[in-house]
Amino acid sequence: MPPYGEFIFGHEYAGDVVARGRTVDEFQIGDRVVVEAHMGCRRCENCIRGLYTACLNYGNRARGHRANGFTTNGGLAEYAVNHVNTLYRVPDGVSYEEATVVMTSGSPLFGLENAGGYFAGETVAVLGPGPIGLMAIQLVRALGATRVLLTGTRASRLEVGRKLGADVIIDSRATDPVPAVLEATQGKGADLVIDCAGGDETFDQSIRMAKPGGKVLLVAFYHRPVTADVSCAVRRNITIYTERGEGRTSVGRALALLAAGRLTAKPLITHRFPLGRIHEAIDVLEKRTGDPLKVVLNP
Ligand SMILES: [Zn+2]
């Protein structure tokens, strides 16, 4: 990322189309739209292959790459410029708030696609009941998983996870989550483990709670380099997947799931502020006042 001050941040946003480029006829003035952050350069080999969130010109504005809110102006700018391929029309009956929050599910949905995208009858363990983990629970349910185990430390978030489809809740402060997952799966481990926590130990835990031959999907960003028993993954033939951002139009597809009632965003919105109180909103997030999940700013 370029340093703060060179662009205006905010990568999850929705709004109205107020102006169009000369050739744009996909959208009308006044359309309600939500965005995805990444627009690839459309000239590197990854973009040509469809891997635009892993663009080889990432951050290079001169070559046309934009990641709004990360490298170019995002949702807190008075007006944001979006390429048409980063916009999705918000369906009737879906609010701006919900549309904004659904963008959170773009990354786990892209990761799940990378990890095979089909989990019929499978058991999935999700580490970390933050907004991404809570979306991941719903997404794997929609993709056929029949059993979801959720591990985390904050009781209020674990409870939201239960309401959104987790069958087994494991408080990882009270109990070691690895034996707990093994016990809940008759010693086999989970078919798929999704690390949405990014803690010092969660990558290692993910490997050790996956079934031999199973999969681990890393969605979280880790705060610092972490250690893990990687040989355990090699010995047990575990495949590790990652994702970068909300590739393959995942935001649009998540929005369709939301409109169809297969995904809900409302339980993730814990705080709302008018734009004029943005400092208070950021303070709530930073100090975790009132255990925030998603804090929405409304102009
Ligand atoms: Zn590119």
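Analyst: Buried residues, meaning those under 20% relative accessible area with a 1.4 Å probe and protein chains only, make up 49% of the 299 residues in the protein. The model is a predicted one, in which local features need pLDDT of at least 70 and side-chain atom pairs count only at pLDDT 80 or more, while totals for chains, interfaces and linings use all residues. Residues are numbered from 1 along each chain as its sequence is written, and side-chain values use heavy atoms, with hydrogens and water left out.

Cys41 belongs to the buried part, because its relative accessibility is 5%, and Cys55 counts as buried because its relative accessibility is 5%. As for bonds between cysteines, the structure holds 0 disulfides, a disulfide being a pair of cysteine sulfur atoms within 2.5 Å.

Around these residues, contacts (heavy atoms within 4.5 Å) can be sorted by sequence separation: of those in the protein with a separation of 6 or more, 64% are between residues 24 or more positions apart.

As for overall extent, the C-alpha atoms of the protein fill a box of roughly 60 × 45 × 40 Å, taken along the principal axes.

Key: Buried < 20%, exposed > 50% of the residue type's maximum accessible area, 1.4 Å probe, protein only.
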